[in-house]
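Please read this briefing alongside the sequence and the coordinates.

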Amino acid sequence: MDESIEGAFKQVAEFVQTWEEGKKAPPDVLAQTYALFKQATTGDAPAEAPAEESKKAKYEAWLANKGMTKEKAMSEYIKFIEEKKKEFGFGGA
């Protein structure tokens, strides 16, 4: 795996954890953020959907990325977050 993409992915993932403006994003954006992160870190979603209704949107978004390589998911995650930073604002360093 390309170490530069992995390093960039880790930086963006750390940023997301503290990004207050991003926490106000609509549920579909939060689900896509989760889905790309999980695809990049875990791979394909498990075959069985979660029983909790509140987790199903995130699961469905993750399932939609089935077959995407971890490197491609990392790249897509970085791109997606950069777009959302412009859309929702970036108030941190």
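Contact here means heavy atoms within 4.5 Å, and on that basis Ile81, leaving aside its neighbours within four places in sequence, is in contact with Val12, Phe15, Val16 and Thr33. This is a predicted model, in which local features need pLDDT of at least 70 and side-chain atom pairs count only at pLDDT 80 or more, while totals for chains, interfaces and linings use all residues. Residues are numbered from 1 along each chain as its sequence is written, and side-chain values use heavy atoms, with hydrogens and water left out.

**Nonpolar cores**

- A nonpolar core is a set of buried Ala, Val, Leu, Ile, Met, Phe, Trp, Tyr and Cys residues joined through side-chain atoms within 4.5 Å, where buried means under 20% relative accessible area with a 1.4 Å probe and protein chains only.
- The largest nonpolar core has 16 residues, of which Phe9, Tyr77 and Ile81 touch the most other members.
- At least two residues of this core come from each of α1 (3-18), α2 (27-41) and α4 (70-88), helices being DSSP runs of H or I with at least four residues, numbered from the N terminus.
- The largest share of this core, six residues, is supplied by α4.
- Apart from it lies another core, of six residues, including Ala31, Ala35, Ala45 and Trp62.

- The 15 residues of α2 should span 21 Å at 1.5 Å a residue, and its end C-alpha atoms are 21 Å apart, which agrees; the expected span is 1.5 Å times one less than the number of residues.
- In α2 the buried residues are Val29, Ala31, Thr33, Ala35, Leu36, Gln39 and Ala40, and the buried residues of this helix pack against α1, α3 (56-63) and α4.
- Just after α2, Gly43 has a positive phi of about 100°.
- For the 19 residues of α4, the span should be 27 Å at 1.5 Å a residue, and the end C-alpha atoms are 26 Å apart, which agrees.
- Buried in α4 are Ala73, Met74, Tyr77, Ile78, Phe80, Ile81, Lys84 and Lys85, and what covers the buried residues of α4 includes α1 and α2.
- Gly89, which follows α4, has a positive phi near 95°.

**Largest pocket**

- Of the 14 residues that line the largest pocket, Val16, Gly22, Lys23, Leu30 and Thr33 are the closest to its centre; a pocket is an open set of points on a 1 Å grid over the protein atoms alone, where a 1.4 Å probe fits, with protein on both sides within 12 Å along at least five of seven lines, and lining residues have an atom within 4 Å of a point.
- The largest share of the lining of the largest pocket, four residues, comes from α2.

Technical notes
Buried means under 20% relative accessible area, exposed over 50%, partly exposed in between (1.4 Å probe, protein chains only).
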